[in-house]
Amino acid sequence: MQNPSAFCVVTLVGGLALASSALAADSWVIFAGGDKPNREAWVVDAQTLSSRSDLMAFLQTATQEEQNAYLKQLRRKKPPKPGEPLAGPDPVYEIQVNTVYENAIKPNRLIRKYSVNCARNTVAMKMSLVQWRDRAIEDIPPERFDPASEAVEPWQVQLVRFACLVGPDPKAKVPAEMMKRGFLPIGDVGQSPANFIWGNLWKDGTRPAFTYRPTDAELDRIERNLEANLARGQRETTRVLDESVRAANRVGRNNLMDMWIGKTEQEFVRTWGTPDRVENGADGSRTLYLHRGERVQGLNVYGHVVSDVNNRCDITVLTMDGYVRDYATQGATCAQQLR
């Protein structure tokens with residue numbers, strides 16, 4: 001198999017000293033391959049790189065015990081005990097990738113967003129647009145996306161390397177060191193890297209002409225369709241997540257609190273009031289702490305407790321991406337107060 005890093009040393013570096021000096025590079029060529037007139041190039045935009053937990057993949061593959069262990073971890077206020085089972089989703093990174101094609105019968109470029117799972121060495125497509133030269137831009141619906149697959153193709157290997165290097169440490173983007181790994185910094189290329197590719201890598205070729213010009217109405221429709229697809233994917237994610245959380249925590253639930261799973265955090269706070277305390281998790285989650293009722297102790301003149309009436313109910317609510325995912329209650333009167 002071709003060395004994924006070799007292309008930058010052999011093909012790209014010559015005549016591109018200007019690009020290597022772009023210390024604040026936004027776009028990077030991560031792989032280029034093929035022979036004229038069938039060359040292809042993969043470009044990533046580092047500014048689109050974002051991190052999140054692969055919660056969906058975890059819930060779809062985890063056993064009931066693993067799900068319960070993960071939900072217990074989320075509610076825990078102290079470090080886990082030695083030997084306690086740990087489980088949870090892998091951290092993943094999402095990033096936009098442009099694939100530019102030289103061949104006139106292929107698209108001018110593909111604009112796609114991928115999810116990269118570093119622990120599993122997999123990539124999964126999350127968004128896809130096809131920019132043709134002879135017809136309108138095609139918005140690919142989610143049901144036609146490629147399933148998550150192991151990163152074995154050279155461009156996939158480089159994508160995982162880039163996301164898993166820059167994701168944890170954005171300061172790692174030192175051009176000289178990145179070029180050793182096969183990543184070429186090309187700076188800010190605007191909305192499309194195709195002009196850079198043709199102007200610097202494929203100068204010996206003839207760029208196919210565009211024969212189609214989209215109208216403003218078509219561009220607006222494409223944008224609306226893309227937003228609708230993203231919203232549909234979010235709703236499906238929420239539905240599967242809510243069903244999994246409910247199944248893992250069916251015993252001992254409170255009917256009133258159970259109704260809030262799947263609702264927005266904003267709706268919950270509007271009804272229940274501002275939490276007494278909020279903790280932000282490293283994975284983007286938020287834990288809301290609320291208290292209802294009070295504990296009243298009666299003391300005699302010597303300060304000794306002579307009566308103790310505990311009417312307190314402590315409520316812990318977990319939210320993720322702005323939605324209520326789980327909750328826990330503690331207190332002798334929760335059954336009476338939460339109804």
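Student: Let's start with Phe58. Where does Phe58 lie?

Tutor: Phe58 lies in helix H3, residues 55-61. Keep in mind that this is a predicted model.

Student: What makes Phe58 count as buried?

Tutor: Its relative accessible area is 6%, and buried means under 20%, so Phe58 is buried.

Student: Which residues does Phe58 touch, leaving out those up to four places away in sequence?

Tutor: Phe58 touches Glu66, Gln67, Tyr70, Ala87, Gly88 and Pro89. Take Pro89: it is 31 residues from Phe58 along the chain, yet their C-alpha atoms are separated by 5.0 Å.

Student: On to the nonpolar core. Which residues touch the most other members of the largest one?

Tutor: Ile30, Val44, Leu159 and Phe162 do, out of 29 residues in that core. Helix H5 (154-166) is one of the elements that each supply at least two residues, and so are strands S1 (27-33) and S2 (40-45). The largest share, six residues, comes from H5.

Student: What does Val44 touch beyond four places in sequence?

Tutor: Among its contacts are Ile30, Ile95, Val97, Leu159 and Phe162. There's also a second, separate core of 15 residues, which includes Ala32, Leu184, Ile197 and Trp198.

Student: Now the aromatics. How many aromatic pairs does the structure hold?

Tutor: Eight.

Student: Why is the pair of Phe31 and Trp42 called tilted?

Tutor: The ring centres are 5.7 Å apart, and rings pair if their centres lie within 6.5 Å, so that test is passed. The planes are at 55°; under 30 degrees would be stacked and over 60 edge-to-face, so tilted is what remains. The pair links distant parts of the chain, with Phe31 in strand S1 and Trp42 in strand S2, 11 residues apart.

Student: How do you know whether Phe31 and Trp42 are buried or exposed?

Tutor: Phe31 has a relative accessible area of 5% and Trp42 is at 9%. The cut-off for buried is under 20%, so both residues count as buried. Phe31 and Trp42 also form one aromatic cluster with Tyr114 and Trp155.

Student: What makes Trp260 and Phe268 edge-to-face?

Tutor: The angle between their planes is 90°, and edge-to-face calls for over 60. Centre to centre they are 5.4 Å apart. Trp260 is buried at 13% relative accessible area, and Phe268 is buried at 1%.

Student: How do you know that the charged end of Arg277 sits over the ring of Tyr289?

Tutor: The charged end is 4.0 Å from the ring centre, and the distance limit is within 6 Å, alongside an angle limit of 35 degrees from the ring normal. Arg135 likewise lies over the face of Trp132, at 3.6 Å from the ring centre.

Student: What makes S11 and S14 a pair?

Tutor: They're joined over eight bridges in the antiparallel sense, where at least two bridges are needed. One of the bridges has Leu318 in S14 as the partner of Thr287. S14 is mostly covered too: seven of its eight residues are buried.

Student: And which residue takes a positive phi in the hairpin of S14 and S15?

Tutor: Asp321, with a phi near 55°, in a hairpin with two residues between the strands. S14 and S15 pair in the antiparallel sense over seven bridges.

Terms used: Residues are numbered from 1 along each chain as its sequence is written. This is a predicted model: local features need pLDDT of at least 70, side-chain atom pairs count only at pLDDT 80 or more; totals for chains, interfaces and linings use all residues. Side-chain values use heavy atoms; hydrogens and water are left out. Helices (H or I, at least four residues) and strands (E, at least two) are DSSP runs, numbered from the N terminus. Buried means under 20% relative accessible area, exposed over 50%, partly exposed in between (1.4 Å probe, protein chains only). Contact means heavy atoms within 4.5 Å. A nonpolar core is a set of buried Ala, Val, Leu, Ile, Met, Phe, Trp, Tyr and Cys residues joined through side-chain atoms within 4.5 Å. Rings of Phe, Tyr and Trp (its six-membered ring) pair if their centres lie within 6.5 Å; planes under 30 degrees apart count as stacked, over 60 as edge-to-face and the rest as tilted.
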